[in-house]
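Q: I have a model open on my screen. How do I read the spaces and the packing inside a protein?
A: Let us take one feature at a time.

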Amino acid sequence: MAVPMLTTYCRRCHAAIMSNARTCPLCGLSRPNYANLTDLEKSYISKPPSNTPERFENMINYIAASEPLFSQLGKLYLIYFRSNKDSQHHQNAFYIALASLVLFTFSAMHGIFFLKHFFIMLLILSSVYLIYDSIAFIRTAYSNYILNRLQIQSGASPYSVHFKVETVLQNSLKSLQALLYAFYEKPWEEIAKTTDILNEGSTFITATKAITAKIKKFAAISLETITLLWRNNVYAITSYPDLSYDEKINHLNIKIMEAKAVILRYCWFRELEHAYEFLEAHLKGESGRSTADDSNYVIEGMQLGLMGPLTEPYNGNLESVPYDLPFIMRYYWHQQLRPSSFPEEDIKAQYPETSELFESIGQVQNLINKLNEQKIMNIAEEAVKNDFKTETEITSEAHQIKRFSLYSDYLDIPKFQPSDAELLKQVDRLNAQIRVQE
């Protein structure tokens, strides 16, 4: 059955969402539909205020976006007032105003004319500063309250799982890199003359097994999470009404390259579980290389060198989605994709868990073919319309060209755009796996 595409998108991650969605099912942002925001909030998104006075920077950390601002002003003012470093001038003005009021009253009661006027001037000046600073305080609290409301994150989301997993993988890879360098920096040839190096090196082997086992587990979670996000990215690109066929085809081709890079990276993660075998072979003298040569062969061969792809900067944010999904070593694995055929069958035979992503890649490729066909049909239709014929002839010939509008004929929509409940179930399961494995 044909399924119409969603055409409302999250204002942060650009995922396709229901127009009345309270939260984005992919990134967890509250009130994700831009059209549902107030005019003031829309202006804050386009040009957020960035001139927060330094003296209020500590106070704004305590603003709760989920509570009315009016009920928080008293608490926020006390936090600001009690911060001696930030509110020194405010405190001085407050105490001067208080003292001036008392002394003015005293001098007025005793008829001390000169002092009465002096203290009333001090009271006015200090009160003016207090009013000025209070206005600045309220404006700062209000603007940051609006900004916080626009950034409320509701619970866990696929993107939060993804960024969490990428951080774990990055740290684990750096730990493995440091461990391998520490292993090969030891003079094993000299140590072998005085002690049993198998016992000496057993700690390194055990630690390597532990780290690579952790990488293997989180690589599986990463593959599943990225597959989920990638499908939703494809759905969003496909359903954008403002993108031309050429733009959709271009972006979808890039997404296919991205998915293949993810699969290559996953294969590499899985290959790392054999790292301990190289250490064992070296300790047993079976590698046939010196420690220095073996270090270069193993570490560089496993892409873990100090100048290797691990040095590639990674920013886990939502700035580039859905066109680019951020993951560590992204550019390196894109560069490893060969122009020739991709070994799909070999990878699926060795790692069956990649089959789902391969299936989705196939669907997207079919969709690209249909988009290319439709592009040609549109050109033909335009040519027919521009021909100098009668209106009846033009209408007749134009209707002979098949129209392509329902993408659900080519994409498995429930997989590319699962329901919010289904997404929540998947996220809960993935988070549970992370807690168990950490």
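Q: Which element supplies the largest share of the lining of the second largest cavity?
A: This is a predicted model. Helix 8 supplies that share, with four residues. Helix 7 also gives at least two.

Q: Which residues line the second largest cavity?
A: The lining is Ala 219, Ser 222, Leu 223, Val 262, Arg 265, Tyr 266 and Phe 269. By class, five are nonpolar, one is polar and one is charged. The volume is about 30 Å³.

Q: What lines the largest cavity?
A: Gln 170, Pro 309, Leu 310, Glu 312, Ile 328 and Met 329 line it. That cavity has a volume of about 40 Å³.

Q: How many residues are in the largest nonpolar core?
A: In soluble globular proteins, nonpolar side chains tend to be buried together. In this model, the largest core has 89 residues. Helix 7 gives the largest share of this core, 15 residues. Leu 304 is among the residues with the most contacts inside the core.

Q: Which residues does Leu 304 touch?
A: Setting aside residues up to four places away in sequence, its contacts include Leu 173, Leu 176, Trp 268, Leu 272 and Leu 310.

Notes
Residues numbered from 1 in each chain as written. Predicted model: local features only at pLDDT ≥ 70, side-chain atom pairs only at ≥ 80, totals over all residues. Heavy atoms only, no water. Core = buried A, V, L, I, M, F, W, Y, C linked by side-chain atoms within 4.5 Å. Buried < 20%, exposed > 50% of the residue type's maximum accessible area, 1.4 Å probe, protein only. Contact = heavy atoms within 4.5 Å. 1 Å grid on protein atoms, 1.4 Å probe; cavity = no way out; pocket = protein on both sides within 12 Å on 5 of 7 lines; lining within 4 Å. Points joined across faces, edges and corners; volume = space filled by probe spheres on them. Nonpolar A, V, L, I, M, F, W, Y, C, P; charged D, E, K, R; others polar.
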